[in-house]
Amino acid sequence: MRNIKLTIEYDGSRYQGWTRLGKNESSNTIFNKIQEVLRKMTGEFVVDLYCGCRTEVGVHAYAQIVNFKTESTMNVQDIKHYLNRYLPMDIAITDVEEVDDRFHAQLNARYKTYVYRMTISDVPSVFDRKTTYHCYKIPDKKRMQQAALHLIGKHDFKNFSTVKKTKSTVREVTNIEIYDDIEEMQITLRADDFLHNMARIIIGTLLDIGFGTRSLDDIDAIFDGTADASAPCDPKGLYLQDIEYAAPVGNAPTMGEI
């Protein structure tokens, strides 16, 4: 069996996230679209895909990382061409690599980065409407940066998520950067992992603080459970930007070393 690593770019506008299971199960997911093409390409009915980060409904990706195992003898360039030929145009395979058998896109991931893109103008662009969130007024960047400082570090982010069941809700946010110019604002979040809707709720809360509808002290109050977090931001502006791994793919640690 060969272990194949894919780097994937996608516009998540019309999909129900990376995957959708349980009572809201859907076949209209990035996972299913890729799996269908891989089954045809390899002739293998069971193709297990492991992704670095399960993006939510409507969220995009610049560089999602996925691995799967196959007995196919196709070379990596032919795999790339086949997938890009038969996948929908809003999903693109930007890189294909054969990697060490121990590499696992989910278990070996160390840090994940999301970026939120907002356009700011009197008239929203008709061309960016599906892939950016539009603001008619500029949020206070300084207030948002001050609030972001309270989120940096290792905390229990349960109250900044919609998670229901998990072993631990402690996560480490290593960096939050806020960039703006006259046309766009970007909020970048880097963490060791994200709970369900955590990135969107953090961004929604920071924006409310930037618009002056919430206090800077609300971050600590949300952690304490004495205040509720803001509603999640609109997913159309959110992108999975990067997934970092501790070692080169060919020298990835075994699961026992994690």
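Predicted model: local features only at pLDDT ≥ 70, side-chain atom pairs only at ≥ 80, totals over all residues.
Residues are numbered from 1 along each chain as its sequence is written. Local features need pLDDT of at least 70 and side-chain atom pairs count only at pLDDT 80 or more, while totals for chains, interfaces and linings use all residues, and side-chain values use heavy atoms, without hydrogens and water.

Student: What is the mean pLDDT of the protein?
Tutor: pLDDT is the predictor's confidence in each residue, from 0 to 100. Of the protein's residues, 93% reach 70 or more. The mean is 91.

Student: Is Ile8 buried or exposed?
Tutor: Ile8 lies in strand E1 (residues 2–10), strands being DSSP runs of at least two residues and helices (H or I) runs of at least four, numbered from the N terminus. Beyond its neighbours within four places in sequence, Ile8 is in contact with residues including Ile34, Ala61 and Ile93. Its relative accessible area is 0%; under 20% is buried, over 50% exposed and in between partly exposed, with a 1.4 Å probe and protein chains only. Therefore Ile8 is buried.

Student: What is the relative accessible area of Leu49?
Tutor: Leu49 lies in the loop between H1 and strand E2 (50–51). Not counting residues up to four places away in sequence, Leu49 touches Trp18, Phe31 and Leu38, among others. Leu49 is buried, with a relative accessible area of 8%.

Student: How is H1 placed relative to H2?
Tutor: Axes are lines fitted to C-alpha atoms, for helices over the stretch in contact, and angles run from 0 to 180 degrees between N-to-C directions. Helix H1 (residues 30–42) and helix H2 (residues 76–86) pack at about 130 degrees, with their axes 10 Å apart. Angles under 35 degrees are roughly parallel, over 145 roughly antiparallel, 65 to 115 roughly perpendicular and the rest oblique. So H1 is to H2 oblique.

Student: Which residues in H2 do Val37, Leu38, Lys40 and Met41 in H1 meet?
Tutor: These four H1 residues lie on one side of the helix contact, and their partners in H2 are Ile79, Tyr82, Leu83 and Tyr86.

Technical notes. Contact = heavy atoms within 4.5 Å.
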